[in-house]
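Subject: Structure for your review

Dear colleague,

Please find below the structure that I am handing over to you. I would be grateful if you would read the notes that follow it with the model open.

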Amino acid sequence: MKLLRYGSAGAERPGLLDAEGVLRDASSLVPDWGPGQLGPDALERIRHADWSRLPRVEGAPRLGCPVAQVGKLVCAGLNYADHAAEAGLPAPAEPVLFMKAVTAISGPGDPVQLVPGADKVDWEVELGVVIGSRARRVTEAQALSHVAGYVLANDVSERSWQLERGGTWTKGKSHDTFAPLGPWLVTADEIADPHRIGLWLEVNGKRMQDGNTANFIFRLPALISYISQFMTLEPGDVVLTGTPAGVGLGQKPPVFLKPGDVMRLGADGLGEQRLVCEASGH
Ligand code: ZN
């Protein structure tokens, strides 16, 4: 299933894409796509509902993040060997984890805000994993049973705030609009192999990233199990799994985003984002 949320920011309604690709309103089935709607039983009920009775949504409304009330965004850093190399860092022996503030979440077509002082804003196409049921100290064998589905993500990053201002990476990862998610939450049953997903990103039409989750250093069972040793993953939490090579910081010389730049990114089966960068005074 492809689940989504549409409408103006903060007032999104739940929807879904049917087998013909028609956007239908799902608000007669669920209040939203939030933590209470992402578990296996809840998703099974949606799968067996009569979608033909759901109203069609006309036009092309704005899409929001497809998951409501995300509790936390947990991110893996340096999870592709080629990206670790371009960052000039050794491949980690254990997963590198950091957090992004949930206030950074935005929709897959929303502008990315460049505020004063954000002069080194960079892109990172990633596979996002949406948790469907509580995962606390789970084994690798159990880990994927806690996954509701997958989402395209861009881990937008301000490199000077991340790397030159001291402390941890969180400062450079958390500004408003730095976590575009969507267009859809694609349920796990629709993804034959999450370790064979191609992902790509273009800036102003130039292909910058072209990777595949086959090249993860830490695959999803290991990563989710690992995170769950340190913190409980709750339904509606999203795990970002790292980015392949081709970020702006890795160019020679480095390249960063300017107002008017357009990012397009996509992943096999997960749709695309189109994000325009805009100067924001506040
Ligand atoms: Zn990242």
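Predicted model: local features only at pLDDT ≥ 70, side-chain atom pairs only at ≥ 80, totals over all residues.

Residues are numbered from 1 along each chain as its sequence is written, and side-chain values use heavy atoms, with hydrogens and water left out.

The open sheet

Nine strands make up an open sheet of mixed pairing, in the order β3-β2-β1-β13-β10-β9-β16-β4-β5. Strands here are DSSP runs (E, at least two residues), numbered from the N terminus, and two of them pair if DSSP finds at least two bridges between them. The edges are held by β3 (23-25) and β5 (96-100); each has a single partner strand, so one side of each lacks a neighbour in the sheet. On average, neighbouring strands of this sheet are turned by 30° against each other, direction ignored (axes are lines fitted to C-alpha atoms).

Strand β1 (residues 2-6) has four of its five residues buried, that is, under 20% relative accessible area with a 1.4 Å probe, protein chains only. Five bridges pair β1 with β2 (residues 13-17) in the antiparallel sense, and R5 has P14 in β2 as its bridge partner. These two strands form a hairpin with six residues between them, and G7 in the turn has a positive phi of about 115°. β1 is also joined to β13 (residues 185-187), again antiparallel, by two bridges, with L3 opposite L185.

The zinc site

The zinc ion is coordinated by E124 (OE), E126 (OE) and D155 (OD) at 1.9 to 2.1 Å. Donors are N, O and S atoms within 2.8 Å of the metal (3.2 Å for Na, K and Ca); water is not among the atoms, so the site may look incomplete. Along the chain the donors follow the spacing E-x1-E-x28-D. E126 lies in strand β9 and D155 in the loop between β10 (147-154) and β11 (157-158), 29 residues apart. Both E126 and D155 are buried.

β17 (residues 262-267) pairs with β18 over six bridges in the antiparallel sense, with R264 and R274 as bridge partners. Three residues separate the two strands in a hairpin, where G269 in the turn has a positive phi of about 80°. β7 (residues 112-114) pairs with β18 (residues 271-279) in the parallel sense, over three bridges.

With kind regards

Definitions and conventions
Buried < 20%, exposed > 50% of the residue type's maximum accessible area, 1.4 Å probe, protein only. Axes fitted to C-alpha atoms, helices over the stretch in contact; angles between N-to-C directions.
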